[in-house]
Amino acid sequence: MDLSPYGCRLRVGEDVPRGAAVAVVFETPIQDGARSASVEVPGMAIWARLEGLSYQVGVHFEDSPMGLLEILSVLS
């Protein structure tokens, strides 16, 4: 839902406890038959709440790997 070099907000199907270690995988959209770039970013759940039938969770990233910055530049 939201993404920055320092964290993200995700919609998920289950409650994620505050303080839980999570890993989020991001991929760029495939363009012109090229292989999509992907990066797995470790982080920590800093909040979670029920929103309708799903949960939202805020994830803080420890580090912002170079691969994530490349994906953010493609998406912006």
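Author: Two strands are said to pair if DSSP finds at least two bridges between them. Strands themselves are DSSP runs of E with at least two residues, and helices are runs of H or I with at least four, both numbered from the N terminus. The model is a predicted one, in which local features need pLDDT of at least 70 and side-chain atom pairs count only at pLDDT 80 or more, while totals for chains, interfaces and linings use all residues. Residues are numbered from 1 along each chain as its sequence is written, and side-chain values use heavy atoms, with hydrogens and water left out.

The part to be examined is the sheet. The protein chain has one helix and five strands, which follow one another from the N terminus as β-β-β-β-β-α. The five strands form an open sheet in the order β1-β2-β5-β4-β3, and their pairing is antiparallel. Strands β1 (2-4) and β3 (21-27) are at the edges with a single partner strand each, so one side of each has no neighbour in the sheet. From one strand to the next the twist averages 40 degrees; such angles run from 0 to 180 degrees between N-to-C directions, along axes that are lines fitted to C-alpha atoms. Strands of a sheet pair through backbone hydrogen bonds, either parallel or antiparallel.

Three bridges pair β1 with β2 in the antiparallel sense, and the two strands form a hairpin with two residues between them. Within this pairing, Leu3 has Cys8 in β2 as its bridge partner.

On the sheet's next step, β2 (residues 7-12) is joined to β5 (residues 54-61) by six bridges, again with the strands running antiparallel. Two of the facing positions can be named: Arg9 has Gly58 in β5 as its bridge partner, and Val12 stands opposite Tyr55 in β5.

Arg9 also takes part in a salt bridge, that is, a side-chain nitrogen of Lys or Arg within 4 Å of a carboxyl oxygen of Asp or Glu. Its partner is Asp2, and the closest N and O atoms of Arg9 and Asp2 are 2.7 Å apart. The whole structure contains two salt bridges. The other joins Arg49 to Glu51, with the closest N and O atoms 2.6 Å apart. Arg49 counts as partly exposed at 39% relative accessibility, and Glu51 does so at 35%.

Ser54 is buried, because its relative accessible area is 15%. Leaving out residues up to four places away in sequence, Ser54 touches Arg11, Val12 and Arg49, where contact means heavy atoms within 4.5 Å. The side chains of Ser54 and Arg11 make a polar contact at 3.5 Å. Such a contact is a pair of N or O atoms within 3.5 Å; within protein, one atom must be able to donate a hydrogen and the other to accept it, and residues adjacent in sequence count only if both atoms are side-chain atoms.

A nonpolar core is a set of buried Ala, Val, Leu, Ile, Met, Phe, Trp, Tyr and Cys residues joined through side-chain atoms within 4.5 Å. The largest such core has 14 residues, and Phe26, Phe61 and Leu68 have the most contacts inside it. At least two residues of this core come from each of β3, β4 (38-51), β5 and α1 (66-75). Apart from its neighbours within four places in sequence, Phe61 is in contact with a number of residues, including Leu3, Cys8, Val24, Phe26, Val41 and Leu68.

Between β5 and α1 lies a loop that holds Asp63, which is exposed with a relative accessible area of 59%. The C-alpha atoms of Asp63 and Val41 are separated by 8.0 Å, although the two residues are 22 apart along the chain.

As for the chain as a whole, 28% of its 76 residues count as buried. Of its contacts with a separation of 6 or more, 55% join residues 24 or more positions apart.

Note on methods
Buried < 20%, exposed > 50% of the residue type's maximum accessible area, 1.4 Å probe, protein only.
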